[in-house]
Amino acid sequence: MTSQVSSPTEQTGGAAVGEQRRAAGTKDVRRLDRVVIRFAGDSGDGMQLTGDRFTSETASFGNDLSTLPNFPAEIRAPAGTLPGVSSFQLHFADHDILTPGDRPNVLVAMNPAALKANLGDLPRGAEIIVNTDEFGKRALQKVGYAANPLEDGSLDGYRVHPVPLTTLTVEALKDFELTRKEAERSKNMFALGLLSWMYHRPTEGTEAFLRKKFARRPQIAEANIAAFRAGWNFGETTEDFAVSYEIAPAAKAFPPGTYRNISGNLALAYGLIAASHQADLPLFLGSYPITPASDILHELSRHKNFGVRTFQAEDEIAGIGAALGAAFGGSLAVTTTSGPGIALKSETIGLAVSLELPLLVVDIQRGGPSTGLPTKTEQADLLQAMYGRNGEAPVPVVAPRTPADCFDAALEAARIALTYRTPVMLLSDGYLANGSEPWRIPDLDELPDLRVRFAQGPNHTLDDGTEVFWPYKRDPETLARPWAVPGTPGLEHRIGGIEKQDGSGNISYDPENHDFMVRTRQAKVDGIEVPDVEVDDPSGEARLLVLGWGSTYGPITAAVRRLRTAGEQVAQAHLRHLNPFPRNLGAVLKRYPKVVIPEMNLGQLATLIRAKYLIDAQSLTQVRGLPFKAEQLATALKEAIDA
Amino acid sequence: MPETTTATEGAGTVDALSLVPKAEAKQSMKDFKSDQEVRWCPGCGDYAILAAVQGFMPELGLARENIVFVSGIGCSSRFPYYMNTYGMHSIHGRAPAIATGLATSRRDLSVWVVTGDGDALSIGGNHLIHALRRNVNLKILLFNNRIYGLTKGQYSPTSEIGKITKSTPMGSLDAPFNPVSLALGAEASFVARTIDSDRKHLTEVLRAAARHPGTALIEIYQNCNIFNDGAFDVLKDKQQAEEAVIRLEHGRPIRFGRDGSRGVVRDPLTGDLRVVTVTPENEADVLVHDAHAASPTTAFALSRLADPDTLHHTPIGVFRSVERPVYDTQMADQLDTAIEQKGKGDLAALLAGGDTWTVVG
């Protein structure tokens with residue numbers, strides 16, 4: 001595979017490749033169907049911002065896209081070191097794509113560390129744009145380069161563009177009253193300008209963004225814009241960049257509608273606000289800051305005009321405690337966290353199970369155990385979500401599959417919580433949280449009706465004819481108990497974590513009653529209505545089913561497409577509901593002699609599936625803090641087909 | 001002791017209960033008794049506190065359905081079951097957190113937390129101090145019996161050093177918390193102490209706390225007649241109490257003992273407080289209690305007067321009652337301000353914000 005021509009696409013068929021035409025200027029313009037770019041630099045170099053801006057330009061141009069930010073947990077790791085490298089990968093195309101791409105066609109390396117840390121991921125022939133100003137002796141030594149890789153021939157297999165980015169940026173900004181250090185900071189915008197020229201990106205959005213971001217410091221805004229334009233002009237004029245590339249909008253990939261680019265955490269926050277709107281209940285978030293979930297707290301805090309109350313608690317336990325208190329009072333209550341926070345909240349989740357109050361528990365999974373890999377992704381909290389509590393404490397579990405899907409998953413989790421009066425676990429992960437993709441903005445009338453009815457009066461008649469309110473008298477269909485909020489006259493009642501008498505809710509230590517209540521709480525969760533899982537098996541002749549959940553959707557689907565393009569028969573199903581499983585799942589699994597379950601853990605869904613359905617599902621696992629690569633999955637699945 | 005109203009005169013004009021609907025009919029103590037059988041040990045101090053609270057509630061005249069009691073775990077935390085109001089018996093130490101969510105999202109409720117020395121100061125210490133610093137509109141009743149009751153008699157974070165218990169056969173090693181000192185250190189705006197058996201005083205303190213805007217912490221010395229019987233006898237025995245108990249009354253000289261023969265004065269050299277026998281010469285120096293003092297310094301010094309072992313010179317009453325911004329009020333104000341500035345939230349506009357593009361079919 002060489003760079004800058006269309007490699008095997010994620011969809012069958014592929015688009016026209018390599019068509020060349022001469023632009024109005026003197027330079028070649030080559031048309032591509034997809035490109036993967038990775039921006040890499042020091043954690044202080046502004047690579048995430050650069051990637052975000054390139055993504056916005058690409059989204060507004062109408063390409064399909066998928067992104068993968070990858071950064072260290074340290075805010076400013078030691079400059080120029082390998083652990084300090086921060087990168088942002090963007091895959092964009094003229095057709096629908098599913099992953100941020102396995103191997104970048106283009107690497108922008110702002111220093112030797114960025115080159116060294118990322119070179120191994122590049123295919124031969126990839127383009128590398130390096131900031132030569134940072135390749136001094138000390139910087140090279142810092143990352144263990146004995147010789148300068150730009151000079152020793154070790155990059156001969158790549159197309160290297162040596163660009164003195166820092167010098168050019170400082171030169172471009174010499175008319176601004178900036179110190180050298182301040183001017184150097186704009187080098188990421190120079191790089192962005194250069195890449196924007198290379199790929200014909202619209203630039204108005206970035207200029208408007210910079211003006212707004214630095215509205216209070218117009219001089220800085222103008223300097224950044226000047227650097228951005230200088231980068232663009234550099235591409236246009238310098239001979240080293242002989243070719244620029246066009247990737248047509250992915251018009252056919254998208255159903256009609258209005259689109260925006262959205263990250264998983266933003267989509268999730270919007271989903272919560274939408275759920276509050278659709279339920280006609282005020283939203284209450286109790287939360288404690290934790291990576292990679294904090295963005296949801298930040299986002300919701302900006303929308304107080306929607307009646308959203310955000311409470312930054314003293315700890316994880318207080319975050320969920322406050323949320324549960326608000327749920328008792330009739331709010332749509334949410335707590336957001338990551339794996340270590342769930343561990344701390346477990347006892348309160350158990351209380352919510354016992355109180356049978358609606359509560360959304362959002363877990364943006366990250367690498368574990370313990371502090372683990374705070375900024376990296378993993379799916380290893382599934383069993384914690386399922387079983388991480390004392391006693392029999394079943395909790396429904398819902399998982400989004402793509403960044404934009406976090407919106408719908410939040411609404412679905414709210415539906416279950418409100419309908420069945422139960423805590424619900426929403427399992428996103430670091431990859432979905434920070435990754436982004438185009439999202440068709442829904443019309444409000446497409447959103448589900450989540451309105452609930454609070455209890456208003458007595459629901460039970462005692463033997464002596466007295467009308468009373470029984471807090472644990474259930475709806476016979478859903479097994480949900482009434483939600484009677486304080487302030488409702490005549491329904492004063494007490495609830496707690498001690499076992500309750502069925503119906504009356506009074507404290508009960510009766511053995512038969514406890515057995516009944518444990519089974520009833522389980523039956524309530526088991527009986528939750530969830531849609532059947534859909535199976536994608538175009539030929540109907542596949543013998544192998546790939547089953548996934550959560551954020552592996554993109555890589556699995558991309559791998560399945562590759563296999564089908566290569567003539568293989570393979571079926572695919574992806575779970576949104578992990579508890580309860582869809583009713584048809586058992587029948588689906590039994591249709592296929594082979595079931596393979598790829599997960600970013602050591603086989604947690606596979607364990608659940610094997611236990612429940614007694615099938616010999618194979619586990620395909622990786623825990624590298626990064627999403628699967630489609631190519632690697634395709635290879636592993638091919639081996640499973642052939643085995 | 002002279003008849004007084006303790007420090008009921010609030011420091012400010014905002015009433016904590018102004019948003020809580022009033023009862024339509026006159027209430028009696030009976031209205032606040034639930035149908036549940038009370039299951040504390042016979043002779044437990046909790047009975048007296050329950051009776052005092054049930055007896056006091058009608059005077060607030062609040063709609064019963066707008067009153068909520070939230071508790072943690074421990075003997076005292078069974079309290080909500082016995083109140084005919086809304087209630088939640090939650091998990092160990094977390095009641096202040098749960099009540100914070102309820103009180104901040106429902107300002108039309110009068111929210112009370114019932115907790116014990118283990119629940120509030122050991123497992124739930126973090127939530128307690130943060131509730132106090134935030135000044136959420138909560139009234140926290142801390143039943144302090146200086147022992148773990150429900151787990152059958154281990155020492156608690158308020159037990160005296162050297163306490164012999166099942167878990168400390170050679171005596172406990174840790175220095176105890178002084179709940180009043182702790183609350184003052186945590187920026188509490190209302191801190192009081194009272195005694196389970198003194199119903200009149202207990203009621204006076206409840207009255208002051210109920211109307212206090214913000215978090216009120218009331219430490220109630222409570223006798224556990226099974227595991228720590230008589231812990232507060234020195235404060236209850238009429239003879240001994242004369243010398244042991246100092247009744248704080250806002251605006252009055254701090255005097256106690258037979259015929260007020262003893263008084264609290266400030267040492268001019270150290271600024272510390274000490275007890276003196278009042279004489280015509282030093283009578284003018286006796287400290288006048290100011291519960292509304294902006295600085296908590298004197299209240300803190302008062303909280304340190306008692307001898308932790310003998311409990312001699314134990315002040316009771318309202319140590320501090322000052323007005324400062326209330327968390328839930330400010331939270332609601334921010335919501336109003338956001339609507340003023342940006343208009344009421346428009347979901348369709350929010351979702352369609354940012355850079356968008358349209359695909360035509």
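This report walks through a predicted model with chains A and B.

## Ground rules

Residues are numbered from 1 along each chain as its sequence is written, while chains are lettered from A and ligands numbered from 1 in the order in which they are written. Because the model is predicted, local features need pLDDT of at least 70 and side-chain atom pairs count only at pLDDT 80 or more, whereas totals for chains, interfaces and linings use all residues.

## Confidence in chain A

Start with pLDDT, the predictor's confidence in each residue, from 0 to 100. Chain A averages 94. In this chain, 96% of the residues score at least 70.

The start of the chain is another matter. Over residues 1-24 of chain A, pLDDT stays under 50. The model has 50 contacts beyond four places in sequence for this stretch. A contact means that the C-beta atoms of two residues, placed from the backbone, lie within 7 Å. Where pLDDT is low, predicted coordinates should not be read in detail.

## An annotated stretch of chain A

An unreviewed UniProt entry carries the annotation "domain: Pyruvate/ketoisovalerate oxidoreductase catalytic" for residues 44-231 of chain A. Its positions are given in the numbering used here, feature names are shortened, and annotations may be inferred rather than shown by experiment.

Over residues 44-231, chain A is 41% helix and 16% strand. Helices (H or I, at least four residues) and strands (E, at least two) are DSSP runs, numbered from the N terminus. The end C-alpha atoms of this stretch are 20 Å apart.

## Chain B as a whole

Chain B has 11 helices and 12 strands. Its C-alpha atoms fill a box of roughly 95 × 45 × 45 Å, taken along the principal axes.

Of the 361 residues of chain B, 48% count as buried. Buried means 20 or more other C-beta atoms within 10 Å of the residue's own; exposed means 12 or fewer, partly exposed lies in between, and C-beta atoms are placed from the backbone. Among contacts in chain B with a separation of 6 or more, 70% join residues 24 or more positions apart.

## Local details in chain B

One open sheet has 3 strands in the order E8-E9-E10, with antiparallel pairing. Strands E8 (255-256) and E10 (273-277) stand at the edges, each with a single partner strand, so one side of each is left without a neighbour in the sheet. Strand E9 (residues 262-266) is joined to E10(B) by 5 bridges; pairing requires at least two DSSP bridges between strands. Arg262(B) has Thr277(B) as its bridge partner.

Lys200(B) lies in helix H6 (residues 199-210). Lys200(B) is exposed, with 11 other C-beta atoms within 10 Å. In H4(B), buried residues include His127(B) and Leu128(B). Just after H4(B), Asn135(B) takes a positive phi of about 65°.

## Where the chains meet

The contact takes 52 residues from chain B and 58 residues from chain A. On the chain B side, H2(B) gives the largest share, 8 residues. By class, that side has 23 nonpolar, 21 polar and 8 charged residues. Nonpolar covers Ala, Val, Leu, Ile, Met, Phe, Trp, Tyr, Cys and Pro; charged covers Asp, Glu, Lys and Arg; the others, Gly among them, are polar.

Strands pair here too. Strand E20 (residues 494-496) of chain A and E2(B) pair in the parallel sense over 3 bridges. Met88(B) is the bridge partner of Ile495(A).
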